[in-house]
Amino acid sequence: MRKYCEREEKEVTQDFFIRDEICFLNSPTYGDRATYQVSVLAKSVVFQINLVAFERLKKETPSLAELEYQILEQAYHQSQKRLETFQMMSATERYQNLMDRSPHILQQIPLIYIASYLGINNASLSKIRKTLSRKSSTH
């Protein structure tokens, strides 16, 4: 799945989710609309829960509230890492990091979405891939 938002008539990819991962559109609060959308890129099973029903269920099952806390904590750390990559790495380093960390994503996701996720355009991604390909073939 791909989490994205629309900015200036362009889709900006925020994140990818693969098998057995949990996707939150945004931090759920009453009355807020989701700022992100999700696109399913492969056959998937998706569960949706009503926020009011979920709050009631958490009161009845305290361990569910603890699970929610752990999931939100993990999501927070993941978003912090993503922010750090944009602040500290070049586009080439971000692509290399994605290749090292999640090579399966590069095999399964269209390059237009990869470019958007990296914060670059398709032409820049093509140049990065060509440069890295040349470097790996000379070693």
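1. Tyr4 stands opposite Gln37 in β3. The model discussed here is a predicted one. On the β2 side, Tyr4 has Thr13 as its bridge partner. Tyr4 is also among the residues touched by Ser39, a list that leaves out residues up to four places away in sequence.

2. The sheet itself is open and has 3 strands, in the order β2-β1-β3, with antiparallel pairing. Its edge strands are β2 (10-16) and β3, each of which pairs on one side only. On average, neighbouring strands of this sheet are turned by 40° against each other, direction ignored. Strands of a sheet pair through backbone hydrogen bonds, in either a parallel or an antiparallel sense.

3. How many bridges join β1 to β2? There are 6, and these two strands run antiparallel. The β1 and β2 hairpin has 2 residues between the strands, and Glu8 in this hairpin takes a positive phi near 50°.

4. Strand β1 (residues 2-7) also pairs with β3, in the antiparallel sense and over 3 bridges. Lys3 has Val38 as its bridge partner in β3.

5. Helix α5 (residues 111-118) packs on the sheet, where it touches β1 and β2. The direction of α5 makes about 85° with that of β2.

6. Leaving out residues up to four places away in sequence, Ser39 touches Met1, Arg2 and Tyr4.

7. Val40 is placed in the loop between β3 (37-39) and α1 (51-60). With a relative accessibility of 45%, Val40 counts as partly exposed, since that class lies between the 20% and 50% limits. Together with Val38 and Val46, Val40 makes a nonpolar surface patch of about 220 Å².

8. From C-alpha to C-alpha, Pro103 and Asn122 are 18 Å apart in space, and they are 19 residues apart in sequence.

Technical notes
Residues are numbered from 1 along each chain as its sequence is written. This is a predicted model: local features need pLDDT of at least 70, side-chain atom pairs count only at pLDDT 80 or more; totals for chains, interfaces and linings use all residues. Side-chain values use heavy atoms; hydrogens and water are left out. Patches are made of residues with over 30% relative accessible area and no salt bridge: like charges are joined within 9 Å, nonpolar side chains (Val, Leu, Ile, Met, Phe, Trp, Tyr) within 5 Å. Accessible areas come from the Shrake-Rupley method with a 1.4 Å probe; for residues, only the protein chains shown count as cover. A salt bridge is a side-chain nitrogen of Lys or Arg within 4 Å of a carboxyl oxygen of Asp or Glu. Helices (H or I, at least four residues) and strands (E, at least two) are DSSP runs, numbered from the N terminus. Buried means under 20% relative accessible area, exposed over 50%, partly exposed in between (1.4 Å probe, protein chains only). Two strands pair if DSSP finds at least two bridges between them. Axes are lines fitted to C-alpha atoms, for helices over the stretch in contact, and angles run from 0 to 180 degrees between N-to-C directions. Contact means heavy atoms within 4.5 Å.
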